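Here's a quick briefing to read with the model open beside you. Have a look at the fold before going through the notes.

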Amino acid sequence: MTRKILFLLLLCLFVGSADRVGQADETSSAMSAASVEERRILAELREARQFLQDREQKVAQREMELKTLREEVDKKLAELEQRRAELAQMLAEKDETEIRKAKELGKMYEKMNPIKAAEVIASLEKDLAVSILEGMRAKSAGKILAGMERETAADLTVSYSSLAE
């Protein structure tokens, strides 16, 4: 670009200092040749500028899209984290309620006849049966286990002992 300006300045000086007509004709033909070349270069520059502007616009648009997507992802992550915290709290409350109810059931079964309590507890799901036995005093739990079949009592005892560890 600087070369072009220098060329144009030199050309203007040359045209202004020409004394003869022949020199003016030569300058005129050189000027029109420079003018054609100049127009071609200007056209190329316009095209390059337009290309860069289009590209800059596309980049800006993509940056906006990425920013929007990033904000959406951050929002979703915050929602998921909040829901995870809520679920964790709900599970903790559920576990606490189950433990409390198992202790209450343990007290109820302690008051029952050990043989009848053994029949009912033996028919329960193993985890629930162990939780109930855990909520009882050791003496009452022993009497109930004594009233069960050996295999069932042994299975519950192993589960209870692994829970105690």
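Leaving aside neighbours within four places in sequence, which residues is M136 in contact with? Going by this predicted model, the list for M136 is G106, Y109, E110, I121, A141 and I144.

**Overall layout**
- Out of 165 residues in the chain, 13% count as buried.
- Take the contacts between residues at least 6 apart in sequence: 59% of them join residues at least 24 apart.

**The nonpolar core**
- The largest nonpolar core holds 14 residues, and the ones that touch the most other members are Y109, I121, L133, M136, I144, M148 and L156.
- At least two residues of this core come from each of α3, α4 (126–134), α5 (138–146) and α6 (150–164).
- α4 has the largest share of the core, at 4 residues.
- M136, one of the residues touching the most other core members, has Y109, I121 and I144 among its contacts.

**Helix α3**
- α3 spans residues 114–123, and its buried residues include A117, A118 and I121.
- Those three sit on the same side of α3 because the arc they cover around the axis is only 105 degrees.
- Turn to the other side of α3 and you find K116, E119 and S123 exposed.
- N113 caps the N-terminal end of α3, with a side-chain oxygen 3.0 Å from the backbone nitrogen of I115.

**Helices α4 and α5**
- In α4, the buried residues are A129, V130, I132 and L133.
- They share one side of α4, because their arc around the axis is only 160 degrees.
- α5 buries S140, A141 and I144.
- Here the arc is only 100 degrees around the axis, which puts these residues on the same side of α5.
- A138, K139 and A146 are exposed on the other side of α5.
- If you want the background to these one-sided patterns, an α-helix has 3.6 residues a turn, so residues three or four places apart point the same way.
- Two of the buried α5 residues, A141 and I144, are also contacts of M136.

**S159 in α6**
- S159 lies in helix α6.
- Is S159 buried or exposed? With a relative accessible area of 14%, S159 is buried, since the cut-off for that is under 20%.
- Not counting residues up to four places away in sequence, S159 touches K126 and V130.
- V130 is itself one of the buried residues of α4.

**The largest pocket**
- The largest pocket has about 150 Å³ of space.
- Its lining is made up of D95, E98, I99, A102, D127, L128 and S131.
- Which elements give two or more residues to that lining? They are α2 (21–111) and α4.
- α2 gives the most to the lining, with 4 residues.

How values were computed: Residues are numbered from 1 along each chain as its sequence is written. This is a predicted model: local features need pLDDT of at least 70, side-chain atom pairs count only at pLDDT 80 or more; totals for chains, interfaces and linings use all residues. Side-chain values use heavy atoms; hydrogens and water are left out. Buried means under 20% relative accessible area, exposed over 50%, partly exposed in between (1.4 Å probe, protein chains only). The arc is that of the directions from the helix axis to the C-beta atoms. A polar contact is a pair of N or O atoms within 3.5 Å; within protein, one must be able to donate a hydrogen and the other to accept it, and residues adjacent in sequence count only if both atoms are side-chain atoms. A nonpolar core is a set of buried Ala, Val, Leu, Ile, Met, Phe, Trp, Tyr and Cys residues joined through side-chain atoms within 4.5 Å. Contact means heavy atoms within 4.5 Å. On a 1 Å grid over the protein atoms alone, a cavity is a set of points where a 1.4 Å probe fits but cannot get out, and a pocket is an open set with protein on both sides within 12 Å along at least five of seven lines; lining residues have an atom within 4 Å of a point. Grid points are joined across faces, edges and corners, and a volume is the space filled by probe spheres set on the points.
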